[in-house]
Amino acid sequence: MLPGRSILNRLSLLCLFAAPLVSAANSEREPIVVSEPQYGEVLYYFYQDDYFPAIVRLLAAQEQQQLIEHGEQAEVLLGGLFLSYGQHLEAAEIFERLLAGNADPDTRNRTWFFLAKIWYQRGYLEKSRSALANIEGDLPDNLQREALMLNAQILIDAGEYDAAIASLQNWKGRTEWASYAKFNVGVALVRSGRIDQAAELLNELGDMDPFNEELNALRDKANVALGYALLQDGQYYAAKAPLQRVRMEGPFSNKALLGVGWADAEMENYGRALVPWMELRGRDLLDSAVQESMLAIPYAMAKLDSISQAADHYLNAIEAFHEESNRLDRAIGRIESGEFFDAFVADYPLDSTGWYWELEKLPEGPEARYLFHVLASHEFQEGLKNYRDLNYLHRNLDEWQQNVDVYVYMLDTQQQAFEQRLPVVQDTLARTDVEGMVQHKLGLDATMDNIERSHDWLALATKSESDMWREVTEIADTPALGADIPEAAEVRDKTALIKGVLQWDLERDFNDRQWNVRRELQDVGEGLVQTQRSYRQIDEAVREETRRFAELGDRVYGLAPRVEGMKMRVEDSLSRQRAFLREIAIGELQAQKDRLDVYTIQARFALAAIYDISATAAEVPE
Amino acid sequence: MTLLALGATASAQDAAPMDADRAAEQARSAGAQDAASRDQFRSIDQDVQALKKEVLNLNRDLFLLEEELLFPANSQVAFFISMDVGEYFDLDSVNIKIDGKEVANYLYTEREVDALVRGGVHRVHMANLKTGDHELVAIFVGHGPHQREYRRGATLNFDKTIGAKYVELEITDRVKPQQPEFIIKEWE
C-alpha cells in the first residue's frame, strides 16, 4: 500500500474532531491509505470510539518507533485522541506545538474552537477565552455560530454584559443560537439588577414566532424569566402579559401560572389569583411552583374570608410536604450510601467512550426525579464523565494486576524450563569439536591439493580398485614370475595388461573423481560454516535469553508495585470525585427539602393564626 | 450549549416572590457558589487528567511487556485484516489456519467492519512460529455482490526468519468483474 498524501491530510482533519465529524465521515466512507499496520490498528479502535486502547497502542507504537511513514499524522491523531478522551491539557500541548507551525488555517481554527469548548465545559474560562482569541478568520458556519455563542457566554460569566450584547449584535441568520445567547444575556442582566435592559431583550424573545419545538421552549422560558423579573421589580400588571404568553402544557407552565396568580394577588385581586393557582392543584408536587401554590391557595382564601377552606388547604399542604420530605430523605440516603453511583456505573459501562458523550437520563431510582436540574450543570456532567473514566481505569488496573501476577508465574516457569535445558545444550556444545572438524577438513583439502598436483590417480581409486591394484602388483612382484619359462611370461603379460587396463580406467576417471571429491569437500565446508554459525547463534541465544529473563524480570517485578500504587491513587481520586458529585446532588436535594421545611413552617404558622382568629371569633358571643 | 438556569430568578420567587433585595442577594450568593463549585471541580479535574495520563503511560508499558513476554520478537508473527473500499464484500468472519491448524476464527460486528472500511487495520491473531517455511490459509466469510453468501480462501506460503513478521490479509475490490479479491501480503 502506498501512502496517499491527500487522504492522509483529510484524515488528520477528521481525527481532530472525532465525534462531531464521525457521523459525517460515516456517510462519506472515505478509504484511508495506511502504510504501517500499527497505525491502522490505532485507527481501528479510534473509528469505534474506543479511545483508551487507541491511545495505548499509539503510544506503544511510538515508543517502539514503528510509526515512521505516519510519524506526523500519528502526532496529530494522538492530539485528537486525547481531545476525544477528555485529556484536554495533553491535547492542547500537542496542538500548541503542532499548530504553531504550518498547519492550515482551517485545521488550526477548528482545533482552537474545540479546545475552547472543552475548556469552557470544564470551567477553565481563561484558557477557553484565549483559545477563542487564537481563531483567525471564520470557522465553518455551524461552528462559527457556536463559537460566537461560547464567546458571549464567557463574557456573561465574566459579568461583561455590554460586551456580550455587543458581540451578539451582528448575529446573522435565523438560528436558535442567537436566541439562546440573547436569553442568557437577558437573565444575566436580571441578575445584575438591570431590569429595563433585560426586559427589552427577553420581551423580544418572548414575543417571537418560534419555528421549532426548541424555540417554543425558549420562548416560554424567556416569558417566565421576564415575568418574574417584573414581579420582583414591583411591576405586577406588566408581569402578567409575558407570563400569560407561556404555553399551558409546556415545562414552564407551572411557574407561569403561579406568577400570574401572584401578580393578581399583589394587586389584591385574590379571587382572580385563585384561578391559575387552582389549575396547579393535582400537578406534580416535585415542582416548586406546585408546592408554593399549595400555600398560595389558602393564603388567597383567607384573604377572601374563606377561613375554614383555607385551614383545610393548609392541613393538606402540611401532609403533602411531609410525605415529599420523607421521599427526599430516602433519596438522600441512596446517594449517601453510594447506591446511586453504583447504579450509574452499571447503567453506563461505556468504558473508554470519550468526552463527547453526554448523560441525558439518570439511572432509574427514587433520586432521579429530584436531580433533573443538576444534570444541566457542566460540573455535574463533566464530574460524571471523570467518575466513569476513573471507574474504567480502576477496572483496567485490576485486570492488569491479575495479568502481571500471571506474567510473574509465566516468566518463572519459562526461566525454570530454560535452566533445566541449558546444561544439556551446554554439554552438547562442549562435546561438539567444531574446530577439530574444521582442521580435519583443511587436512583433506591439503591432501587433495597434493593428489591434484602429483596427478595421483591411484589415490582416488575405490577400495576394490585399490585392492585389485595391490593384488595385481603383488602378483607381478612375485619372484617366481621372474623365471624364464613360457608360463611365467604369460602371467607377466597378463598382470601387465590388467595393471595397464586398471591404470587406464583410473586415469580416465581421475578428473571426474577429483571434481566429485572437491564438491563433497565443499559441501562439508558449507556444513561446517553452518555448524559454526548455529554454534554461535546458540551461544548468543543462551546469553540473550539470560539477559532477556533479567530484563523482563526487572520490568515485571517493577510494574507490579506501579500498578498497585496507581490503583490506590485511582481509588483515592474516585472517592474524591464521588464526594464532589455527592455534594452537588445532596446539595440539590437538601435545598428542595429546606424549601419544603420553610413552606411547612409557613403553613403551620398560617394555620395557627387561623385557629387563633377562629378561637377569638368563637369567644366574642360570650 | 446549556442555557443559564433560571435558578436565580426562580428560586428568589420560590422563597418570597416580592422581595427583590433578597432575590438579588440570593443571586449573588448563587454566583459565588457556582464559582466555588467550579474551582473545586477544576482541582479534581486536574488531578484526574494527570492520573489518566499516568495510567495511559503505564498501560503502554504493560502492553509492550505483554507483547514481548508472550510473543518474543524472534518468533513473533502478527496477522492483520484490512479492507480497501469493500464495496463488493460485506465481511462476517475470518478463519485462519497455520500449517493446517486452526488458530483464529473471528466474527466481526458491524462497528468493527465499519472501522475496517474506513481504513482501520485489525490485528486478528498473534503467534509464535519457528523459523522456516509455513503455510497460512485464510477463509473469508460474508456477503458478496447482490447479497449472495460468499466464502473464499486465500493461501500464502511464507518463510519465517529471525525477527518479527507481519502478514496482512487484505480485502480489495476488483472493479471490472465487480468482485472482491483477497490478497495476503508479507511485511518484515
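User: How much space lies in the second largest pocket of this predicted model?

Analyst: The second largest pocket holds about 1,100 Å³ of space. The model is predicted.

User: What makes a residue part of the lining of this pocket?

Analyst: A lining residue has an atom within 4 Å of a point of the pocket. For the second largest pocket, 31 residues form the lining. Those nearest its centre are Ala541(A), Glu544(A), Glu545(A), Pro72(B) and Asn74(B). Helix 23 of chain A gives the largest share, 12 residues. By class, the lining has 15 nonpolar, 7 polar and 9 charged residues.

User: Which residues of helix 6 of chain A are called buried, and why?

Analyst: Buried means under 20% relative accessible area. In helix 6 of chain A, His88(A), Glu90(A), Ala91(A), Ala92(A), Ile94(A), Phe95(A) and Leu99(A) are buried, so the relative accessible area of each is under 20%.

User: What span does helix 6 of chain A reach, and what is expected?

Analyst: From first C-alpha to last, the 12 residues of helix 6 (88–99) reach 15 Å. At 1.5 Å a residue, 16 Å is expected, and the span is close to that.

User: Why do strand 3 and strand 6 of chain B stand at the edges of their sheet?

Analyst: The open sheet has 4 strands in the order 3-2-5-6, with antiparallel pairing. Strand 3 (101–107) and strand 6 (149–160) each have a single partner strand, so one side of each is left without a neighbour in the sheet.

User: How do you know that strand 2 and strand 5 of chain B pair?

Analyst: Pairing needs at least two bridges. Strand 2 (residues 90–98) and strand 5 (residues 132–143) are joined by 8 bridges, so they pair, and they run antiparallel.

Methods: Residues are numbered from 1 along each chain as its sequence is written. Chains are lettered from A and ligands numbered from 1 in the order in which they are written. This is a predicted model: local features need pLDDT of at least 70, side-chain atom pairs count only at pLDDT 80 or more; totals for chains, interfaces and linings use all residues. Side-chain values use heavy atoms; hydrogens and water are left out. Helices (H or I, at least four residues) and strands (E, at least two) are DSSP runs, numbered from the N terminus. The expected span of a helix is 1.5 Å times one less than its number of residues. Buried means under 20% relative accessible area, exposed over 50%, partly exposed in between (1.4 Å probe, protein chains only). On a 1 Å grid over the protein atoms alone, a cavity is a set of points where a 1.4 Å probe fits but cannot get out, and a pocket is an open set with protein on both sides within 12 Å along at least five of seven lines; lining residues have an atom within 4 Å of a point. Grid points are joined across faces, edges and corners, and a volume is the space filled by probe spheres set on the points. Ala, Val, Leu, Ile, Met, Phe, Trp, Tyr, Cys and Pro count as nonpolar, Asp, Glu, Lys and Arg as charged, and the others, Gly among them, as polar.
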